[in-house]
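Hi everyone, thanks for making time for this.

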Amino acid sequence: MDFGFCLSPSSHVKMDSVDLTTFNRLKETNPDINTCIACGSCTATCTAGHFTEMSFRRILLMLQRGKEDEAKKMIQHCMLCGKCTLVCPRGINIRKILLDITR
Amino acid sequence: MNSQIFHPFVLPFVLGMAFVLTYCVVGLLRVIGQLPKDDRKKFWRSLVTPKTAWANVRDLVGDCLFHVKIWKRNPVLGYMHTAIAFGWFMIIVIGHVMLFTLKPLEGIELQGVERTLPNFYYPIFFKYFAEETLIFAILMDFFLLMIISGILIAVVKKIHSKIVGVKRIMHFGFADNLIRFALWTIFPFRLIAEKTNIMAFWWLYSIDLMVFMFMLPFTRYMHIPTEALFILLRHAGLKPREPRKGYALAQIYSCPSCGLCIDACPMSVNDKNSGNTSAYFMKRLRNGDREEAQRIAETCMQCGKCVAVCPVSIESCDIKMSQREAVPYTINSDHSYLGNVEPETKGNAKVLYFAGCMTQLTPKIMRAMKQIMEAAGEKYAFLDKDGGVCCGRPMLLSGKTAEAQAMMAKNTELIKQSGAKRLVLSCPICYKVFKEEYQLEGIEILHHTQYIDELIKRGKLKVDKNDVNYVYHDPCELGRAFGVYDEPREVIENIGHLRKAKSEKELSTCCGGSLGSFILTQQERDEITTNSVNDLIFNNPDEIVTACPLCLKTFARKSPVAVKDIAEVVANQLK
């Protein structure tokens, strides 16, 4: 039956059961991600973000919640232009992290 | 006088010589065999084309014999290398000349020397077998002493390199140290053997030669025979395709590990990073240490200063790029969205302005360019006013050529749709890739420094001169890559006074922001930036002017004086 509206599926993440191996590996090789303040400067300047949903801030959030596949899918849009790295107020080498996620 | 034609002490030398000659012939065939077919054709053709053949002769004499490039870089090192290499070459040549001309010229009976016997060890051990005439004896002693003077400088350089003007020298392993020791002792042994005729020294001299020749293919001294081949290949206009094959292999073996690039490399401000310089990269590749080579290739900022100072002209940046291509990042790109990008401008604009990603971050440059183009009355249009497609160079730098080509195709399509005949760029990073990779027949590609210079020269743009002292920073991808040194300087002369930086033009130091490096951390980049800024403010300028949005942004973080783009400065001085 179509009511013209519906309930959105639950976005509940069980943190006890998610697989955080990628994120933990990333934290080891790129300790600077710990300093991210999620300000979103990277997302605001993203060249690919102008055309798609690409957002590094969200990628990091997805990884923290174990949503690795979604994160990897988003990374595919990246053009590696490096603007995110340049504007990051914490000096995080974002381009390197993006490349390391898939490595 | 020893009237004999053979003595067993020549055997070590003969063995060594036979080994090294065999190795070189095999190596030569291997390099040529590994060249792709069209490259090989190019190579053969270059050998008979008068222009490249002349360049070959010029560089073979200038670089291999007289080491002109080292003299230019550092006269003390130039003398050191020429004394040893040219001196050695001369005593071999004079040895042969003596063998063949002594008898008819002087009419002296040579004891035991049968001119019919092609004993090629005679010139090397001449004094043991025959007597020299005075003039040749003086010449031989002169060159031998010249070599020894060169070795003395080399010893000083090893102990305290700063005396000869070198801050950092290469650190070598056991093999390189051993062969160097052999090289240093060959000539003193020869001198003692010749003057005293003690058998032990003749043996030592010969064994030293053997050690040198047996180790030569496995150490940096392989550059002696390989450089000649490399010069021929370079003039054929080849590009390294694979990091350790064909042309690249010739380059790897031509690297003398002199370490001049270590001091030049902007990363060397941090001693920890001086191991990431080109000299070490080439050494890693030669030793087959692919993992380290890959890491260094990805750390490199691709500023090209090592290539500019290299006395052998090794194109280490290109080899690093081929190394990156060989092991590309496994990011599984999906740029299908590019198909939906619509052109922002369709019309009859004559000049198309492409700001590029970096200029999007520095909108003041875009505003200044707009002001300038309007003041000059140009019919212009923006290609990426609200953000466009990346030029593709960063993707190329990551070694993912196919993905980069997709972006380039999209941009080419957008540019062609605009119908403009001139394309003006603000970002040297874009400029490099547009110049080198894009197929834009009939469209003139200009960087805004060239464009503004032209507008001023044609009288379309009127500017006021003020009293500010500027210093100009040459962006790597504009200066070293395309030699755009004069246009920006002429523009600045029109609007103010130009002061010199400590190192300029082809020796200008990278700002540290380079997109070329994937690995350098922010802290490491900051150290490079501080060092580069100090170079620029050497003569106390009031403002730093640059022509690259990335340099501008990078310098602004660390500079004690104002940093501006050349377009901004010009826009402020418009009449």
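Let's begin with one helix in chain B, α16, which spans residues 316–326 and is mostly covered, since 9 of its 11 residues are buried. Keep in mind as we go that this is a predicted model.

Which residues of α16(B) are buried? They are S316(B), C317(B), D318(B), I319(B), K320(B), M321(B), S322(B), Q323(B) and R324(B). And what do they pack against? In chain B, the buried residues of α16(B) pack against α11 (247–254), α13 (278–286), α14 and α15.

Two of those helices lead us to our next stop. Find Q302(B), in the loop between α14 (290–299) and α15 (305–309) of chain B. This residue is not a glycine, and still its phi is positive, near 60°. Is Q302(B) buried or exposed? It has 23 C-beta neighbours inside 10 Å, so Q302(B) counts as buried.

Now zoom out to chain B as a whole. This chain has 27 helices and 8 strands. Along the principal axes, its C-alpha atoms fill a box of roughly 90 × 50 × 45 Å. Chain B has 575 residues, and 46% of them are buried. Here is a way to think about its fold: take the contacts between residues at least 6 apart in sequence, and 75% of them join residues at least 24 apart.

How is chain B divided up? The domain assignment gives domain 1 as 8–224, domain 2 as 239–326, domain 3 as 336–454 and domain 4 as 464–572. If you take the centres over C-alpha atoms, domain 2 and domain 3 of chain B are 31 Å apart.

While we are in chain B, let me show you P123(B). You will find P123(B) in the loop between α5 (75–106) and α6 (126–129) of chain B. With 18 other C-beta atoms within 10 Å, P123(B) is partly exposed. How many residues separate P123(B) and I94(B) in sequence? The answer is 29, while in space the two are 8.0 Å apart, C-alpha to C-alpha. Setting aside neighbours within four places in sequence, P123(B) is in contact with I92(B), G95(B), H96(B) and L99(B).

Over to chain A. Of its 103 residues, 36% count as buried. For the contacts in chain A between residues at least 6 apart in sequence, 64% join residues at least 24 apart.

Let's pick out one pair of helices here. In chain A, helix α3 (residues 56–64) and helix α4 (residues 68–75) pack at an angle of about 160°, and their axes are 8 Å apart. How do we put that angle into words? An angle over 145 degrees counts as roughly antiparallel, and α3(A) and α4(A) are therefore roughly antiparallel to each other. The crossing of α3(A) past α4(A) is left-handed.

Which residues meet there? From α3(A) we have I59(A), M62(A) and L63(A), and they meet E68(A), E70(A), A71(A), M74(A) and I75(A) from α4(A). Sorted by class, this contact of α3(A) with α4(A) has 6 nonpolar residues, 2 charged ones and no polar ones.

L80(A) is not a glycine, yet its phi is positive, at about 60°. L80(A) counts as buried because it has 28 C-beta neighbours inside 10 Å.

Last stop: the place where the two chains touch.

Notes. Residues numbered from 1 in each chain as written. Chains lettered and ligands numbered in written order. Predicted model: local features only at pLDDT ≥ 70, side-chain atom pairs only at ≥ 80, totals over all residues. Axes fitted to C-alpha atoms, helices over the stretch in contact; angles between N-to-C directions. Helix = DSSP H or I, 4+ residues; strand = E, 2+ residues; numbered from the N terminus. Parallel < 35°, antiparallel > 145°, perpendicular 65-115°, else oblique. Left-handed = near helix turned anticlockwise from the far one by under 90°. Contact = placed C-beta atoms within 7 Å. Nonpolar A, V, L, I, M, F, W, Y, C, P; charged D, E, K, R; others polar. Domains from an automatic or database assignment. Buried ≥ 20, exposed ≤ 12 C-beta atoms within 10 Å, placed from the backbone.
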